[in-house]
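Work through the following exercises with the model open beside you, and try each task before you read its solution.

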Amino acid sequence: MNVPSLPKDWVTTPILRLLFQNLIVEERTDIRDATVAAWNTAIGLLHSRPGWMESVIASPQLLEWFETMMTPMGSPLDASGFYDPLFSENGPQVAAERHNVDRNMLAQDLTLVSPDTVWKARIAAATAMAYLVASWNSSVRSGMYLSGDNTSWRSQAHNVDAVFQSILLHYVDSSSMLQKVLAAIVIEEWAKRYGTESSTSKCPPLIEASTLAREMSNRTLAWLQSDPPAAYHEMAFILARIHGECTNLLHSFAFDCKIPWSEIPTLGTEIDLTGSKQGGFSLASAEAAVERDYSKLKDRLGKAKKRELAVISEKRKTVLSSIERYKEVKTQHDIRVCAAFAAAYVALKNTPDKVSPIVKGVMNGIKVCFVSAYGAIFESFFFL
């Protein structure tokens, strides 16, 4: 792709699909970095000729890439849409062997692949998407970018808005921590690349040229200035497990201590992350089960059943530990989204009325990276 004398007509949809797939499933950092470089080179070529990019990358392909990138952590990737050149030539039996080397990443089994590796792959994909957004052009020639009235920049930005606005706003407003973070990374990297190019060209700030950028700036700031959500989509599995532990705890009083079932409190069967559904099981329901309900049933026994009560007490400790872990995960998710949104807002170069939410988000991100690198001991030193 970098040799001027060689043809470039082979840079089409299949090569882009293969490159993006490799970003998602590659575990090795050096290969992933090489894939990012190849992706950027290919996108740069498509950008060089008006209309070429749009003819190669259709809207369904964009949606497929974003859906793959936004797959929840721990959920298998849907490889049914992956491009496989062996499939058409040699049939499905040979094609089925092609992805064996990536089996663990395709399965997203976090017992076989570390969450850090999955995160790095998703961030690489988000960076690739940002490069695509920044390079997207619809019949806008590169020579027109220097027009004095900024008309061509506005035309290009309008096209970017039309193509990507619904996609990115959907994921920014998602209840998923992962999807919020990755959408913010796309916006941040897009803004940074725009800023690099605008430093050598006469173009307006991104938030003035693009309604998408302006809307993302407003939404990230609004999130930073408001209270975090009650929970995120990723926490549903943990809460469901706590529901099972609470149910087992309360039922133990009937099974082991022979308290009538009519006196055992019932827990809602529907998992309610927000705590807003009548009869649903939420974090508040779990806390009530291990405190209020447990105490009432324990007092009902008096001094009898000491041995059974000791066993039940250990079960309660397990539930309490799960609840604390749930809260810790919630805090971690808040920090990740806060840091990602703050970084995106800063990259968009807007100026808020109050800077404290932005500073808090940036410092949270620094704190998390700092602790990750140097451990809990250094964390204590940092706060001193």
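**Exercise 1.** Find the partner with which Arg 325 forms a salt bridge, and describe where the two residues lie.

*Solution.* In this predicted model, Arg 325 forms a salt bridge with Glu 328, and the closest N and O atoms of the pair are 3.6 Å apart. Next, look at the position of the two residues: both Arg 325 and Glu 328 lie in helix 15, three residues apart, which is about one turn of the helix. Finally, consider the surface: Arg 325 has 39% relative accessibility and therefore counts as partly exposed, because that class runs between 20% and 50%. Glu 328, with a relative accessible area of 42%, is partly exposed as well.

**Exercise 2.** Decide whether Asp 334 and Lys 330, which meet in a salt bridge, are buried or exposed.

*Solution.* Start with the distance, which is 2.6 Å from N to O between the side chains of Asp 334 and Lys 330. Both residues lie in helix 15, four residues apart, again about one turn of the helix. As for the surface, Asp 334 is buried, and Lys 330 is buried too.

**Exercise 3.** Name the residues that Leu 132 contacts, leaving aside its neighbours within four places in sequence.

*Solution.* Begin with the largest nonpolar core, which has 108 residues; Leu 132 is one of those that touch the most other members, together with Trp 39, Ile 57, Met 69 and Phe 164. Helix 15 (residues 306–347) gives the most to this core, with 14 residues. The contacts of Leu 132 are then Trp 39, Ile 43, Met 53, Ile 57, Leu 62, Trp 65 and Phe 164.

Definitions and conventions: Residues are numbered from 1 along each chain as its sequence is written. This is a predicted model: local features need pLDDT of at least 70, side-chain atom pairs count only at pLDDT 80 or more; totals for chains, interfaces and linings use all residues. Side-chain values use heavy atoms; hydrogens and water are left out. A nonpolar core is a set of buried Ala, Val, Leu, Ile, Met, Phe, Trp, Tyr and Cys residues joined through side-chain atoms within 4.5 Å. Buried means under 20% relative accessible area, exposed over 50%, partly exposed in between (1.4 Å probe, protein chains only). Contact means heavy atoms within 4.5 Å. A salt bridge is a side-chain nitrogen of Lys or Arg within 4 Å of a carboxyl oxygen of Asp or Glu.
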